[in-house]
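Hi,

Here is the structure I promised to pass on. Have a look, and my notes follow below.

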Amino acid sequence: MEEAGAPHFPFPYQPYPIQEQFMQALYGALEHGKVGIFESPTGTGKSLSLICGALSWLRDHEEKRRQEADRLLQGDGCTSLSISSSLSTTTSSTPPSSSAEPDWITDFVQKKAERDFVSKLKDEELRRKKREEHLEMIRNNSQLKYALKRKVEHNILILSRGELNNPEEELIVAEYESDDESKTKNKFCGGDDDDEDDLVEEHVTKIYYCSRTHSQLAQFVHEVQKSPFSQDISLVPLGSRQNMCVNEEVRRLGSVQRINDRCMEMQKNKHDQRPKEVEGGKRKRGASKAVCPYVGAQGLQTLRDTVLGAVRDIEQLLSLARETRSCPYYATRLAIPPAQLVVLPYQTVLHEGTRRASGVQLKGQVLIIDEAHNLSDVLSCIHSSELTGAQLCRAHSQLAQYSERYRSRLKAKNLMYIKQILFVVEGLVRVLGGKCKVGQNPHSQTTQAATELLTINNFLFKAQIDNINLFKVTTTTTRSQPQHTAIGTEIGEGIDGFYGYCQQPDTESPPGQQGAAEDRELAASPMMQVEGFFMALTNANTDGRVVLHTQGSVAVSSMKFLLLNPAVHFAQVLKDCRAVIIAGGTMQPVSDFKQELLFSAGVGAERIIEFSCGHVIPPENILPIVLCSGPSGQELEFTFQNRDTPHMMEETGRVLSNLCNVVPGGVVCFFPSYDYSRRILENWEASGVLARLSSKKKIFQEPKKANQVEKVLNEFSRTIQRCAVDGGTLSGALLFSVVGGKMSEGINFSDELGRCIVMVGMPYPNIKSPELKEKMAYLDKNLPHSGGRSPGQALIENLCMKAVNQSIGRAIRHREDYACIVLCDRRYSRPATLAKLPDWIRAHTRTHTSFGPAFASLRRVIHTHLQWIIHTLCL
């Protein structure tokens, strides 16, 4: 396409110039295999630009491949010149033979290579045509008949393996072998690997799109449905079992872990329904076990094809799955190989084990990570792990009883690994100040309250488990298996089955000694969580730390693995993918993001490109103000030392009262923390400030429970709408929220809902936190200093300003929207701090040392827009 000029981007309407620029930059990044950092403010059509730009590249890429194949496949074969030029790209890196071969041998090798290349091209073309014909039949609603039951069942088994493990007996784990042992065995033992390879469908070139929440993914799918590509693209939405299960019996279990465990158990039962040997050589079928009625081969195949035939979000897919009584969780995973666009959550693509289990293959593919402003934090969170003393004691109790009961039936090698795991768990309990004894209740073992932070090696030494090879305990069994399996997982499932069979209550937790939250925590398989912690301890010593937190008793004490270097887990993603696009509404500050996550992962500066665009709104539609002092002249600086003083709190109340006098509709006020929000509201209630505010606007507060957010927002919206229609004494509503809270991300305060955003103070993180201190120390040691500041100091500033940018970005959401942004703290006027605001906000930010001029400019903007609205209504 580039030879013929700029690429063509189908778009549902005339794109804005910045959207054209966005798509051009995106197309170039994908074409040249770059790592792109793309910033486009909310309201500028970022999702649609991503869709049309990326799918235009995919369309052109596939067309280029077809043209190249047609050029090489001329008539019945390829010309020698064509094939030689194509083969040269693959053989150029191979050094020539030191000894000259006879001409006839060289000629023979060349012709054989040509024949093989032609055969490969023909096979690829044949598969491509079959895929296209199949999709065309699906889209035309033709009656399809398949003979693929064996293939579907096999693929389901592949997706399940590692979760199910299909033990050789109902509760006895299969013999574990390390990678070295299995390589030797597989070298001399035949198997059916070739059959499995034939059954696994080839992955086509595709784009993986991931975002943070289920609602954001659904919104993206809706944008695809509105795009010009909706009729031609094959899209697959992925989700967790909790989001995609349609079996009401399983859904009722509630928690993610319970749903996962029950689903895997039912899949194992399905594959274990076969005759079993008994004494005397006779065979009988085992007792009937519950299997999922939604996992039938024919139904899954039909649902898989339906998924590929039209663009649907998860809710639409669930509705269809209930009608056809087929499982969307497994059907969507079967649909991944032929899909062109796969939409999935962060965790599924950023965690290697989850990628494997889901059938996601990144090699040579495109990955788009949206809402990526907190990508480093997300990676650290995904790869961190935490264990409580109660979980450790319960895992030890179960594993010890399991080992004792099945000692005579377990193989010697498995017994050895079980003993090793028991030894490690005992060491972890000792670190928390307890002991693993039969019948010992962890609640009765008291410990002294303390917090300690250790390197991985020092933690292993303290637990006296440094002589145990955790890699071997947690690593995969054999490379011949399509889905890797850990011995800890095998044992965990065996124990779960053992306890389900016995139906025994937990002997470690007497009734009345635990809260509901801890009961839910212990309901999950403790061995799975123990294995996750083991895996975390296999990180390099410099990449992580272990935080020990002892308090009261062993049961409530905990140990947490903290990942300090997220780049180590992002490096493989960057290496495998053809191109990676990291996108967000606000990506500032970019320099530190590149240093911590890209350069540290081995990405060269030449592979990174950056794109940032302004907003589509006119300049007069936004008024960002840095307010250095209040109406009475009190300087606004919300440092830890003076933010609690009565003068500062009262001055903040006067600022807010003046704003509410002139701003119509909704005002959203963000406080730096929940604790400060509570203290300042208590002060305002006692001093009468809250009463004055409530006489102008109805007051709402961010709820403590997440399930109440929607209710508060709906009432907030209805109040503003009523005030706009009925008039009266109230001019709208005032919402008190918290930076980093439930309403600072993902909530749209568009139009009348957010005419003014007020930021009280600067939300710096708690620098006394042991985890943050260690992160700062790690960055100071491993990253270069720049601009006269240490990387640790930069981290604090960046965390603060990223949170601010997300909060103030809640207001302006489309071209016709307008809002005022008031930053109440003189520290925002510092050039280094202003530089961390998004470009489209920073360019219009004005600093006011006194309140009068700031208030006058705000009132002028509000008056101008009100006059414009009245004029428009009159017309």
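Four bridges join S16 to strand S17 (residues 732–738), and the two run parallel. Strands here are DSSP runs of E of at least two residues, helices are runs of H or I of at least four, and both are numbered from the N terminus. Two strands pair if DSSP finds at least two bridges between them.

Before the rest, the ground rules. This is a predicted model, with local features needing pLDDT of at least 70 and side-chain atom pairs counting only at pLDDT 80 or more, while totals for chains, interfaces and linings use all residues. Residues are numbered from 1 along each chain as its sequence is written, and side-chain values use heavy atoms, with hydrogens and water left out.

Back to the sheet: S16 and S17 belong to an open sheet of seven strands in the order S16-S17-S15-S18-S19-S14-S20, with parallel pairing. Strand S16 (698–701) and strand S20 (846–848) are the edges, each pairing on one side only. From one strand to the next, the twist averages 20°. Helix H32 (residues 791–808) lies across strands S15 (665–671), S18 (756–760) and S19 (819–824), at about 160° to S18. For that angle, axes are lines fitted to C-alpha atoms (for helices over the stretch in contact, meaning heavy atoms within 4.5 Å), and angles run from 0 to 180 degrees between N-to-C directions.

Overall, the protein has 35 helices and 20 strands. Buried residues make up 53% of its 875 residues (buried means under 20% relative accessible area, with a 1.4 Å probe and protein chains only).

Now the rings. There are 15 aromatic pairs, counting rings of Phe, Tyr and Trp (its six-membered ring) with centres within 6.5 Å; planes under 30 degrees apart are stacked, over 60 edge-to-face, the rest tilted. Phe9 and Tyr27 are edge-to-face, at 5.9 Å centre to centre and 80° between the planes. Phe9 lies in the segment before helix H1 (17–31) and Tyr27 in helix H1, so the pair ties together parts 18 residues apart in sequence. Phe9 is buried at 9% relative accessible area, and Tyr27 is buried at 2%. Elsewhere, Phe671, Tyr676, Trp684 and Phe736 form one aromatic cluster.

Finally, the charged end of Arg755 sits over the ring of Tyr818, 3.8 Å from its centre (the rule: NZ of Lys or CZ of Arg within 6 Å of the ring centre and within 35 degrees of the ring normal).

Cheers

Terms used:
Buried means under 20% relative accessible area, exposed over 50%, partly exposed in between (1.4 Å probe, protein chains only).
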